[in-house]
Amino acid sequence: MCLAVPGKIISIDRSIPEMTMAKVDFGGILKNICIEWVDVKEGDYILAHAGIAISAVDEKEAEETLKDLKELQKCVS
């Protein structure tokens with residue numbers, strides 16, 4: 001089973017022409033994610049799996065999913 005997690009693009013790095021990267025905020029956890037194959041800009045939300053953005057996602061949907069993940073975390077902590 002695969003899990004894609006929503007995150008908000010904080011900044012974009014185009015210094016490597018064939019590997020556009022972005023700093024993405026996953027509910028307070030910042031990660032560098034490859035966004036080479038999705039059409040996004042700073043402030044957009046993406047779904048990421050294994051370090052790669054697989055699609056753009058609606059802000060409301062992303063925020064709801066992040067909220068649900070935080071609730072799940074409370075259940076296992």
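**Strand pairing, core and surface**

Leaving out residues up to four places away in sequence, Thr-20 touches Ile-12, Asp-13, Arg-14, Ile-33, Cys-34, Ile-35 and Glu-36, where a contact means heavy atoms within 4.5 Å. The model is predicted, so to speak of local features takes a pLDDT of at least 70, and side-chain atom pairs count only at pLDDT 80 or more, while totals for chains, interfaces and linings use all residues. Numbering runs from 1 along each chain as its sequence is written, and side-chain values use heavy atoms, with hydrogens and water left out.

Thr-20 sits in the loop between β1 (5–13) and β2 (21–26); strands here are DSSP runs (E, at least two residues), numbered from the N terminus. Thr-20 counts as buried because its relative accessibility is 13%, the cut-offs being under 20% relative accessible area for buried, over 50% for exposed and partly exposed in between (1.4 Å probe, protein chains only).

As for pairing (at least two DSSP bridges between two strands), β1 and strand β4 (residues 45–49) run antiparallel and are joined by 4 bridges. Lys-8 stands opposite Tyr-45 of β4. Strand β4 also runs antiparallel to β5, with 5 bridges between them, and here His-49 faces Ile-52 of β5. The hairpin of β4 and β5 has 2 residues between the strands. Ala-50, in the loop between β4 and β5, has a positive phi of about 55° although it is not a glycine. Ala-50 is also exposed, because its relative accessible area is 68%.

What makes up the largest nonpolar core? It has 12 residues: Ile-9, Ile-12, Ala-22, Val-24, Phe-26, Ile-33, Ile-35, Val-38, Val-40, Ile-46, Ala-48 and Ala-53. A nonpolar core is a set of buried Ala, Val, Leu, Ile, Met, Phe, Trp, Tyr and Cys residues joined through side-chain atoms within 4.5 Å.

Ile-54 belongs to strand β5 (residues 52–57).
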